[in-house]
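Good morning, and thank you for coming.

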Amino acid sequence: MKIVDLKARCVAIPLSAQLRSNTGVHPGYFMRTIIELVTDEGIVGLGEVGGGDQRGALAKLKSRLIGLDPFHTELIKAKILRNTYFQSNARIYAAIEIACLDIQGKALGRPMHDLLGGRIRDSVAFIGYLFWRYDRPGGGDDNTAEDVAEHCQELAETLGVKAMKLKAGVMEPREEARVLELCRERLGPDFGLRIDPNGTWSIGTAVRIGKRLESLDIEYFEDPSWGIEGNAAVRSRVRVPIATNMYPARFDDLGPGIRLGAADVILTDLHYWEGPRGVKDLCAVCRSFGIGVAMHSGSEFGIELAAMIHTAATVPEMIYAGDAHYHYLTDDIIAGGPMRYVNGAIAVPTGPGLGVELDPEKMDKYERYFEEKGDYYARFRTDPRRPDWHPVIGGR
């Protein structure tokens, strides 16, 4: 079997609200680049990548893929990723590896998780991911801790989620800490609590808020301050597990992060850690050093979410509910519509490969929507309600 073509399309799907973070505002939609890897046997593998419009980058790499066997992912990795001039291609390589695994599974008649060692769970739990919102359903914005805590209660009731994470670094830190206090009060002692300022707080603020949260028995405090040194400094001074999706977020930084004691939990990401098999490599290292693993979300659609679920289903140590922005999407591009939450979890697909396929009509519809709205990464680090605002690290 040989790869004979690579096709890429950009699509965008509306959200139920505009989502705020310390890096800007998602303007009411998410966008992804969807790839189709075509073989000479007529099997097509699906992949997905974020980070803006990736069609140009994929076009440059296409010639490196043509003629290769989709089972030979190490050779594909060498040609795309293991090259001095292509060190930034981890995100794109992951989408290609996902498509190759989809092809392999379809060729063998086996689900992707069988190619990764086999599933050990039938479904994967997800959190209620909380953001300070503009233009939330029904109108208005989230302005107080009560607004966000009410949203958390709503997700617990409608999706059955049993844990949450607040994307912090937006409001005054004490108000953001109060969100977790309200959620603990309203949802009880067994509901999982997390907070993620995305490294934006000063070490002093992160330590002060971390100490305030100690009595809440939270699952973890994610990227409280900037860099490996910042996380390590906070970890040494608070009795709360420190997690990271930022430091380290690639294999080159894993050694320094472990030596400095920067994190108790590392969030896996298919794109940061070189695809599903790279995530399995990361989990093996974490197992050796007694570091926990969780799963990061990059505002994925159904293709990547399926790959995340397949991967997480094969990792025994992944005891934390995964991150997912999925409940903010108003639709999906996969046949049959969005995946369903049941008691806070989504079932592991059982069909060959990813176990999901594209809906041609939805692809056409949301490709047109992308063409109308455009690539928001050029203006993501802005806030339409605050024209003079810009991200500040360590400013609180």
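Where is His296 found? His296 lies in the loop between strand 14 (292–295) and helix 11 (302–312). Helices here are DSSP runs of H or I with at least four residues, strands are runs of E with at least two, and both are numbered from the N terminus.

A word on the source. This is a predicted model, in which local features need pLDDT of at least 70 and side-chain atom pairs count only at pLDDT 80 or more, while totals for chains, interfaces and linings use all residues. Residues are numbered from 1 along each chain as its sequence is written, and side-chain values use heavy atoms, with hydrogens and water left out.

His296 counts as buried because its relative accessibility is 10%; buried means under 20% relative accessible area, with a 1.4 Å probe and protein chains only. Its side chain is joined to that of Asn245 by a polar contact of 3.0 Å. Such a contact is a pair of N or O atoms within 3.5 Å; within protein, one must be able to donate a hydrogen and the other to accept it, and residues adjacent in sequence count only if both atoms are side-chain atoms. Not counting residues up to four places away in sequence, His296 touches several residues, including Leu267, Tyr272 and Asp323, where contact means heavy atoms within 4.5 Å.

Let us turn to helix 7. In this helix, residues 203–213, the buried residues include Val207, Ile209 and Leu213. The buried residues of helix 7 pack against helix 6 (173–187), strand 10 (194–196), strand 11 (220–222) and helix 8 (227–235).

Next, the rings. There are 10 aromatic pairs in the structure; rings of Phe, Tyr and Trp (its six-membered ring) pair if their centres lie within 6.5 Å, and planes under 30 degrees apart count as stacked, over 60 as edge-to-face and the rest as tilted. Trp201 and Phe221 form an edge-to-face pair, because their ring centres are 6.1 Å apart and their planes stand at 65°. This pair links distant parts of the chain, 20 residues apart: Trp201 is in the loop between strand 10 and helix 7, and Phe221 is in strand 11. Trp201 is buried, at a relative accessible area of 1%, and Phe221 is buried at 0%. Elsewhere, Tyr29, Tyr369, Tyr376 and Tyr377 make up one aromatic cluster.

Notes
Buried < 20%, exposed > 50% of the residue type's maximum accessible area, 1.4 Å probe, protein only.
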